[in-house]
Amino acid sequence: MEPQVRTLVEIEGTQAALTGRADMVLERARWAAEVFQRYDLESTMAVVDAVATSAHEHAARYAEWAVKETGFGVAAHKKIKNELTAHPLVDFYRDQDFVNIRIDESLKIVETPRPAGVIFCLTPSTNPIATINYKIIISLMTRNAVVIGPHPAARECCIDAANMLAQAAVDAGAPDGVIQIIEDPSIPLIEEFMKSPKTAVILATGGTPMVRSAYSSSNPAIGVGPGNAPVFVDSSADINKAANRIVESKSFDNSVLCTNESVLITLPEADKQLRQSLKRYGAYFCNDDDTSRLRQYLFHGAGFNIETIGRDATWIAKECGIRVPEKTAILVAPIDQIGIEEPLSREKLCPVLAYHVAKNRDQAIMQARAVLRLTGAGHSAAVHTMDETVAMAFARTLEVYRIVVNAPCSQGAAGFGTALAPTFTIGTGFFGRSSIGENVGPEHLVHWTKLAYNEDTSEKFGDYFGIGNNFLGPLPPAPEDGVPGAGHYQLAPPTVSMSTDPLSSITRTELRQMIAEELRGVLRG
Amino acid sequence: MSEAKIDFLDRSRSFWNPGKTQDWQDMGVDLVIDRREGYYLYDMDGRRLIDLHLNGGTYNLGHRNPELVQVLKSGTERFDMGNHHFPALARTALAEALAACAPAPDMVYTAYGSGGGEAIDIALKTARHATQKRKIISIVKAYHGHTGLALKTGDERFSKLFLSEDTIGEFIQVPFNDLNAMEDALKGKDVAAVIMETIPATYGFPMPVEGYLPTVKKLCEQYDALYIADEVQTGLMRCGEMWACTKYGIEPDIMVTGKGIGGGLYPIACTLISERCGGWLKEDGFGHISTGGGAELGCVVAMKTLEIVQRPEVRTMVQYISDYMRAGLEKIMAQYDDFFVGIRQHGVVMGLEFGAESGAKPVMKHLYDNGVWAIFSTLDPRVLQFKPGVLLTQADCEEVLRRVEIGIGLARDEVIGRYRRVA
């Protein structure tokens with residue numbers, strides 16, 4: 001008979017069990033972070049590249065898995081996102097050095113990078129794998145350990161992917177435990193991770209309650225608010241191109257990116273041509289009856305119908321009894337009002353675009369501001385125009401921190417196809433009750449200790465180029481005395497990444513030893 | 001020292017143990033443990049100590065580990081010690097959990113003691129029954145506990161006092177790491193078992209030389225003796241695997257685990273017995289009876305202990321703690337190389353060797369003065385037992401190393417001379 005391991009006394013869910021579990025995972029991460037901080041740039045990037053390669057190779061598999069598990073989005077589009085968050089993300093930051101010291105002789109300042117330590121990441125169900133790839137890679141680039149708290153709806157693909165990346169990292173020389181994932185992400189357990197003093201910073205992407213909870217945890221947090229991007233198509237725009245980009249963006253992964261266009265605002269003089277162009281690229285324009293069915297369906301009862309997240313346009317049309325052509329890419333719902341009385345002017349994480357014609361540019365701006373007052377403050381907007389004064393007017397007025405110009409907003413605001421930093425965490429800044437207003441990147445996960453000299457010219461700045469960095473590298477494994485084949489213990493010398501002075505540290509040690517010997521001899525008489 | 005402590009120590013001398021109470025005062029360690037939490041002990045006068053003694057691994061998972069406290073509390077809602085005669089839910093459940101992680105596939109039975117000594121006695125009795133022979137081989141300076149048979153396997157330091165040493169030649173001691181002596185003792189084929197701490201703790205953790213333990217096991221097989229692994233101090237992940245004997249490629253016939261298995265909350269010890277050695281359990285299951293042994297509350301705690309130590313995080317942390325401590329200790333050793341002369345290590349089982357006779361005693365005292373509690377090895381007082389817990393945090397490891405560097409420096413000055421080395 002085989003022995004069974006049973007639990008006679010179950011303590012799961014008690015405070016002790018929750019704290020014990022979080023503590024252990026986080027302490028392992030802290031150890032990993034401590035050791036990782038001893039790595040030089042080359043070994044750090046070897047780990048990063050290995051993880052990116054693994055993520056890239058399995059982009060398609062996890063894209064399909066995520067769609068199957070969550071029902072959200074389009075596998076082909078998810079594959080693109082999973083790939084973008086692998087090699088291209090690394091390449092974007094490759095020439096930025098978060099590992100070596102920075103020396104500014106003119107300011108007499110030396111900056112030493114100090115990684116945060118343990119990054120706790122909440123990842124959403126809408127973009128599960130891309131977010132995991134992205135958060136892991138920016139953490140590793142800055143020599144941090146990372147713990148993933150996956151959304152329960154995308155739990156399985158996330159666990160598999162994170163464990164695969166963890167293995168790739170360790171195989172490339174990373175400290176064990178540098179990537180971990182919570183396999184049973186209940187809300188009380190996640191909260192335990194968020195409030196633990198062992199968590200250095202929380203990177204929160206997800207629903208508003210989770211993000212607010214991250215900010216309430218007492219730990220530093222980089223959380224992002226929801227989006228609800230207004231897109232303005234100006235009369236000066238290349239209407240045809242604008243329509244093409246909007247449909248492309250709005251249908252990309254069925255609008256699960258929080259940067260997707262939510263409410264299109266245009267002017268009477270562009271209206272007709274824009275409608276025609278949108279239709280040409282696969283938009284279906286709803287009539288009044290369709291719009292009211294859509295409104296009813298998307299915003300039943302208390303709020304947004306999450307069943308529709310990331311579904312394709314034809315599926316949604318069918319669900320609410322709208323007959324649309326088979327190749328319909330997005331549903332466009334014309335609305336007269338924007339604000340509290342029109343639910344369709346809220347965020348819709350599905351390929352449904354609200355369409356509003358404003359009287360003039362000033363009104364368009366006021367309407368765009370109204371869209372963002374509903375939700376999406378601090379997030380993203382898009383403008384299609386040939387007139388820079390229009391773009392500038394939006395930039396000055398709208399409460400967002402990125403406005404993409406003549407580009408698809410889904411991708412552009414997230415840094416794909418624009419020069420913004422590629423990201424899956426859109427900083428919604430003070431407008432959006434967040435600490436960061438930029439596209440979050442590795443630079444946000446490392447702080448710098450600055451040596452600042454007296455400005456007085458009589459105080460000479462030191463030769464920091466001579467000292468260089470002092471990377472200790474991985475810990476040498478402790479001996480297992482007497483274990484067959486265990487070998488002998490050896491302390492590895494640190495690697496110095498910059499040139500050292502001629503009197504090497506070895507010579508210094510020898511000198512010290514000679515002096516010590518002499519002294520000892522004298523004292524012993 | 002506070003008035004309250006002076007008064008308490010008087011009471012301790014009067015009512016508990018005058019000799020032991022006074023000996024500690026004489027050694028400069030006036031510790032009276034009051035509060036305790038994690039790896040911290042607090043003296044009744046309030047001073048904090050980081051515990052690297054852990055009572056030989058009893059507090060492997062820390063003092064009053066919250067998960068263990070919770071499982072014990074919850075356990076009292078349903079269980080008590082249980083009845084030692086009847087099939088018991090918790091006792092069988094723990095036996096199964098142990099069988100599932102035992103170091104040998106045929107190790108199916110568990111017999112229970114209330115402490116390590118009793119479990120060793122069970123192991124020796126089991127070996128004698130299985131082989132129908134009486135002789136037991138242990139190593140010189142062995143330590144397996146203070147009960148009847150266990151005591152006889154150990155150093156006379158503890159048996160002669162009570163006129164309880166072996167006088168009829170049934171207990172043979174051979175030097176550790178000496179295969180010739182071992183073979184000579186086994187040759188007569190009249191030996192029931194060799195009992196071996198995988199790394200002898202009270203002897204200061206001398207490390208088995210490469211090949212020693214596996215050869216002892218082979219010799220046992222050759223001369224029809226059983227191999228009993230005493231894993232009381234080395235088991236439960238302290239050497240990086242569940243049981244240290246596995247690391248040396250040994251599948252023992254009988255194995256004993258104690259101390260840490262009870263999580264420092266409920267004393268319990270277990271003797272794991274292979275199918276072929278467990279004949280007495282069928283022939284006369286009432287052969288060994290222990291009212292306190294395998295108390296069901298202890299079993300509940302032990303099961304949780306087993307679950308915790310087998311988490312993947314623990315495996316990683318043991319490795320980190322071992323590596324980090326070693327790197328730090330090597331630096332300290334280089335600094336005081338005329339005093340601190342060696343490190344014996346397997347995982348978080350460590351012995352620090354000092355050059356002077358009884359050199360570990362002044363180190364113990366200075367560490368104590370500097371907030372670290374680690375004890376010298378009774379049977380080799382040159383060696384300080386250095387036993388971090390498997391969940392010790394990175395911050396505490398750093399804290400330990402900082403204090404140890406200071407403490408060893410002071411001890412060195414006291415032993416070798418007051419002048420400072422230039423280093």
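**Figure 1. The two domains of chain A.** The C-alpha centres of domain 1 and domain 2 of chain A lie 31 Å apart. Domain 1 of chain A covers 19–223 and domain 2 of chain A covers 229–417, with bounds that come from an automatic or database domain assignment. The contact takes 9 residues from domain 1 of chain A and 9 residues from domain 2 of chain A; two residues are in contact if their C-beta atoms, placed from the backbone, lie within 7 Å. On the side of domain 1 of chain A that touches domain 2 of chain A there are 3 nonpolar, 4 polar and 2 charged residues. In this classification Ala, Val, Leu, Ile, Met, Phe, Trp, Tyr, Cys and Pro are nonpolar, Asp, Glu, Lys and Arg are charged, and the others, Gly among them, are polar. This is a predicted model, in which local features need pLDDT of at least 70 and side-chain atom pairs count only at pLDDT 80 or more, while totals for chains, interfaces and linings use all residues. Residues are numbered from 1 along each chain as its sequence is written, and chains are lettered from A and ligands numbered from 1 in the order in which they are written.

**Figure 2. An open sheet of 3 strands in chain A.** The strand order is S1-S2-S15 of chain A, and the pairing is antiparallel. At the edges stand S1 (102–104) and S15 (446–452) of chain A, each with a single partner strand, so one side of each is left without a neighbour in the sheet. From one strand to the next the twist averages 25°; axes are lines fitted to C-alpha atoms, for helices over the stretch in contact, and angles run from 0 to 180 degrees between N-to-C directions. S1(A) is joined to S2 (residues 109–115) of chain A by 3 bridges, and two strands pair if DSSP finds at least two bridges between them. A:Asp104 stands opposite A:Ile109 in S2(A). Strands (E, at least two residues) and helices (H or I, at least four residues) are DSSP runs, numbered from the N terminus.

**Figure 3. Chain B as a whole.** The secondary structure of chain B comes to 16 helices and 15 strands. Chain B has a radius of gyration of 21 Å, close to the 22 Å that the globule rule gives for 423 residues, so it is as compact as a globular protein of that length. The radius is taken over C-alpha atoms, and the globule rule is 2.2 Å times the number of residues to the power 0.38. Along the principal axes, the C-alpha atoms of chain B fill a box of roughly 65 × 55 × 45 Å. Of the 423 residues in chain B, 55% are buried; a residue is buried if 20 or more other C-beta atoms lie within 10 Å of its own, exposed if 12 or fewer, and partly exposed in between, with C-beta atoms placed from the backbone. Among contacts in chain B between residues at least 6 apart in sequence, 75% join residues at least 24 apart.

**Figure 4. The contact between the domains of chain B.** Domain 1 of chain B consists of 31–64 + 312–416, and domain 2 of chain B of 67–309. Their centres, taken over C-alpha atoms, are separated by 26 Å. The contact takes 27 residues from domain 1 of chain B and 30 residues from domain 2 of chain B. Elements giving two or more residues to the domain 1 side are helices H3 (54–57) and H14 (312–335) and strands S11 (340–346), S12 (349–354) and S15 (380–386) of chain B. H14(B) gives the largest share of that side, 4 residues. By class, the domain 1 side has 10 nonpolar, 13 polar and 4 charged residues.

**Figure 5. An open sheet of 4 strands in chain B, with helix H14(B).** The strands follow the order S11-S12-S15-S14 of chain B, with antiparallel pairing. S11 and S14 (376–377) of chain B are at the edges, each with a single partner strand, so one side of each is left without a neighbour in the sheet. H14(B) packs on the sheet, touching S11 and S12 of chain B, and its direction makes about 170° with that of S11(B). S11(B) and S12(B) pair over 6 bridges, and B:Ile343 has B:Leu352 in S12(B) as its bridge partner. These two strands form a hairpin with 2 residues between them, and B:Gly347 in the turn has a positive phi of about 65°. In S11(B), 5 of the 7 residues are buried, so the strand is largely enclosed by the rest of the structure.

**Figure 6. The side of chain B that touches chain A.** Here 46 residues of chain B are in contact with 38 residues of chain A. H4 (66–75), H5 (89–100), H14 and S11 of chain B each supply at least two residues of the chain B side. The largest share, 11 residues, comes from H14(B). The residues on the chain B side divide into 22 nonpolar, 12 polar and 12 charged.
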